[in-house]
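Q: I have a new model on my screen. Please show me how to read it, feature by feature.

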Amino acid sequence: MDPIHYLMAVTVLLGTGIAGAALAHMPRSPIRSALYALVVAGVFCAFGDVIADGAQDLTSKEIGLALLYTGSLMMPALWWMVAVRWAEQSGAALPLRSPLWQWLPLGWAAAMWLVMITNPWHGAFITPVVGGRNVYQPFWIAAAVPSYALTAGVLAVGIAAEVLIDAQVA
């Protein structure tokens, strides 16, 4: 296995461990549960990558990919949830108060997880591509583009919330 994967996994686990320790001391708030879920998704992503990369058999590869998909597909939706809850808790008057704004991205991530986990382009449950390419690239794009958009949206929500909070203070 490539040493860079171990380094990446250790870095992610160290970061999530620090975040988890900080969360243990955080007062109860709507953000706390979303942050815990984000930490768990990071751990799944890191362990899944290490397991899948070092797998010697198909079963281990499938387990690693399932963990990796679970973590990586949920992270953008969870970051979005953290941003929306933080903006709401901070008193920013963003038009994101409907629960739909929080739960729709998680629903999309769950649907994309189902698409990736059933792996329709290979006709089997998590059949890894070894030395080949994904023959149905549109499925990957359908999962990736909204994730990138959500990640960019987190930045936009953060900036908008800060601007609105500063305007209320002034």
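The dialogue below goes from the overall fold to single residues.

Q: What should I know before I start?

A: This is a predicted model: local features need pLDDT of at least 70, side-chain atom pairs count only at pLDDT 80 or more, and totals for chains, interfaces and linings use all residues. Residues are numbered from 1 along each chain as its sequence is written, and side-chain values use heavy atoms, with hydrogens and water left out.

Q: How many helices and strands does the protein chain have?

A: Helices (H or I, at least four residues) and strands (E, at least two) are DSSP runs, numbered from the N terminus. Here the protein chain has five helices and zero strands. Read from the N terminus, the order is α-α-α-α-α.

Q: How much of the protein chain counts as buried?

A: Buried means under 20% relative accessible area, exposed means over 50%, and partly exposed lies in between (1.4 Å probe, protein chains only). Of the 170 residues in the protein chain, 36% are buried.

Q: What is the accessible surface of the protein chain?

A: Accessible areas come from the Shrake-Rupley method with a 1.4 Å probe; for residues, only the protein chains shown count as cover. The total for the protein chain is about 9700 Å². Carbon and sulfur atoms hold 74% of that surface.

Q: What share of the contacts joins residues 24 or more positions apart?

A: A contact means heavy atoms within 4.5 Å. Among contacts in the protein chain with a separation of 6 or more, 69% join residues 24 or more positions apart.

Q: Which residues does Val 12 contact, beyond its neighbours within four places in sequence?

A: Start with its position: Val 12 sits in helix α1 (residues 3-24). Its relative accessibility is 31%, so Val 12 is partly exposed. Leaving aside neighbours within four places, Val 12 contacts Gly 42 and Ala 46. Also check Val 43, which is 31 residues from Val 12 along the chain. The C-alpha atoms of Val 12 and Val 43 are 7.2 Å apart.

Q: Why is the pair of Trp 80 and Trp 101 tilted?

A: Rings of Phe, Tyr and Trp (its six-membered ring) pair if their centres lie within 6.5 Å; planes under 30 degrees apart count as stacked, over 60 as edge-to-face and the rest as tilted. The structure holds one aromatic pair. The ring centres of Trp 80 and Trp 101 are 6.5 Å apart and the planes meet at 40°, so the pair is tilted. The pair links distant parts of the chain, 21 residues apart: Trp 80 in helix α3 (residues 58-90) and Trp 101 in helix α4 (residues 99-118).

Q: Is Trp 80 buried or exposed?

A: Trp 80 is buried, at 9% relative accessible area. Trp 101 is partly exposed, at 41%.

Q: What is the nearest side chain of opposite charge to Arg 85?

A: Lys and Arg count as positive, and Asp and Glu as negative; His and the chain ends are not counted. A salt bridge is a side-chain nitrogen of Lys or Arg within 4 Å of a carboxyl oxygen of Asp or Glu. Arg 85 lies in helix α3. Arg 85 is buried yet has no salt bridge. The nearest side chain of opposite charge is Glu 88, 7.2 Å away.

Q: What does Arg 85 touch, not counting residues up to four places away in sequence?

A: With those left out, Arg 85 touches Pro 30, Ile 31, Ser 33, Ala 34, Gln 102 and Trp 103. Take Pro 30, found in helix α2.
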